[in-house]
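The following exercises concern a single protein chain. Please work through each task before reading its solution.

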Amino acid sequence: MTVRSKRYAVVRRETCVACGSCADVCPRGAIAIWHGCFAQVDAERCVGCGRCASECPSCTIHLEVRP
């Protein structure tokens, strides 16, 4: 059983440049570039580590608290 964090990554699609940096550093493979347009996070796989947000050159990823 995987323990999930209380946080998960969220991408602001309108500012994402689809560079793939976030997907490259995600330890769980929870991020993919959707049709070359923007990053998309699988919230079920995301562990909320924040590596993607730290790596994002356009500062478009932030962490939110799970509902």
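**Exercise 1.** Determine whether strand 1 is largely enclosed or left open by the rest of the structure.

*Solution.* Step one: apply the burial criterion, in which buried means under 20% relative accessible area, exposed over 50%, and partly exposed in between (1.4 Å probe, protein chains only). Step two: strand 1 covers residues 7-11, and four of its five residues are buried, so the strand is largely enclosed by the rest of the structure. The strand itself is a DSSP run (E, at least two residues; helices are H or I runs of at least four), numbered from the N terminus.

The model is predicted: local features require pLDDT of at least 70 and side-chain atom pairs pLDDT 80 or more, whereas totals for chains, interfaces and linings use all residues. Residues are numbered from 1 along each chain as its sequence is written, and side-chain values use heavy atoms, with hydrogens and water left out.

**Exercise 2.** Identify which strand pairs with strand 1 over five bridges, and in which sense.

*Solution.* Two strands pair if DSSP finds at least two bridges between them. Strand 4 (residues 61-65) meets this condition, pairing with strand 1 in the antiparallel sense over five bridges. At the residue level, tyrosine 8 has glutamate 64 of strand 4 as its bridge partner.

**Exercise 3.** Describe the setting of cysteine 16.

*Solution.* Step one, location: cysteine 16 lies in the loop between strand 1 and helix 1 (21-25). Step two, accessibility: its relative accessible area is 16%, so cysteine 16 is buried. Step three, contacts (heavy atoms within 4.5 Å): leaving aside residues up to four places away in sequence, cysteine 16 touches Val11, Cys37, Phe38, Ala39, Ser58 and Thr60. Step four, distance: cysteine 56 is 40 residues away from cysteine 16 in sequence, while their C-alpha atoms are 8.8 Å apart.

**Exercise 4.** Locate cysteine 26 and state whether it is buried or exposed.

*Solution.* Cysteine 26 is found in the loop between helix 1 and strand 2 (31-34). With a relative accessible area of 17%, cysteine 26 is buried. From cysteine 26 to glycine 36 the separation is 10 residues in sequence and 18 Å between C-alpha atoms.
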